[in-house]
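The sequence and the model are shown first, and the description follows.

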Amino acid sequence: MMKIPVEVFFVWIIGIVFILFGFLIMKGKATNLLDLFIKQSGTFSDSFSNKFFGIIIMIVGFIVLLLPFILGIENMNL
């Protein structure tokens, strides 16, 4: 049985947080988070940019979740 390193759990938590932030931005519940992710002077409060950037941030979260499996758990030397 393979033992999963603690670092993998931290990577999974980071991925879940990104997915949660993306979901909140996509639903328009936390538009201030979008201003934190995109450092520009304007605010993005329309529904198209909320959905677009929320989905992009959720995709990044899914990629972060899959990184230990893509790169190999045994190769993680954090």
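## Aromatic residues

F52 is partly exposed, its relative accessible area being 42%. This value, like every other in the report, comes from a predicted model.

In total, the structure contains four aromatic pairs. One of them joins F9 and W12: the ring centres are 5.4 Å apart and the planes stand at 85 degrees, so this pair is edge-to-face. The reasoning rests on a cut-off, since planes over 60 degrees apart count as edge-to-face. Both F9 and W12 belong to helix 1, where three residues, about one turn of the helix, separate them. F9 is partly exposed, at a relative accessible area of 42%. F52 and F53 make up an aromatic pair as well, again edge-to-face, with 5.2 Å from centre to centre and 75 degrees between the planes. Beyond the pairs, one aromatic cluster is formed by F9, W12 and F69.

## Overall fold

The chain is built with three helices and zero strands. Followed along the sequence, the pattern reads α-α-α. The chain has 78 residues, and 29% of them are buried.

How much of the contact in the chain links residues 24 or more positions apart? Among contacts with a separation of 6 or more, such residues account for 60%.

## Helix 1 and helix 3

Two packed helices are described by the angle between their axes and the distance between the axes. For helix 1 (residues 6-27) and helix 3 (residues 47-71), the axes come within 7 Å and the crossing angle is roughly 165 degrees. Helix 1 and helix 3 are therefore roughly antiparallel to each other, because an angle over 145 degrees is counted in that class.

The crossing of helix 1 past helix 3 is left-handed. Sorted by class, the residues in the contact of helix 1 with helix 3 comprise 19 nonpolar, five polar and one charged.

Is K29 buried or exposed? K29 counts as exposed, at 67% relative accessibility. Its place is the loop that runs between helix 1 and helix 2 (31-37).

K29 can also be located relative to N50. The two residues are 21 positions apart along the chain, and their C-alpha atoms are separated by 9.6 Å.

## The two end segments

P5 is part of the segment before helix 1, while E74 is part of the segment after helix 3. Their accessibility classes are as follows: P5 is partly exposed, at 24% relative accessibility, and E74 is exposed, with a relative accessible area of 61%.

Which distances relate these segments in space? E74 and P5 lie 69 residues apart along the chain, with 8.5 Å between their C-alpha atoms. P5 and I73 are 68 residues apart in sequence, and the C-alpha to C-alpha distance for this pair is 7.7 Å.

Technical notes:
Residues are numbered from 1 along each chain as its sequence is written. This is a predicted model: local features need pLDDT of at least 70, side-chain atom pairs count only at pLDDT 80 or more; totals for chains, interfaces and linings use all residues. Side-chain values use heavy atoms; hydrogens and water are left out. Axes are lines fitted to C-alpha atoms, for helices over the stretch in contact, and angles run from 0 to 180 degrees between N-to-C directions. Helices (H or I, at least four residues) and strands (E, at least two) are DSSP runs, numbered from the N terminus. Angles under 35 degrees count as roughly parallel, over 145 as roughly antiparallel, 65 to 115 as roughly perpendicular and the rest as oblique. A crossing is left-handed if the near helix is turned anticlockwise from the far one by less than a right angle, and right-handed if clockwise. Ala, Val, Leu, Ile, Met, Phe, Trp, Tyr, Cys and Pro count as nonpolar, Asp, Glu, Lys and Arg as charged, and the others, Gly among them, as polar. Rings of Phe, Tyr and Trp (its six-membered ring) pair if their centres lie within 6.5 Å; planes under 30 degrees apart count as stacked, over 60 as edge-to-face and the rest as tilted. Buried means under 20% relative accessible area, exposed over 50%, partly exposed in between (1.4 Å probe, protein chains only). Contact means heavy atoms within 4.5 Å.
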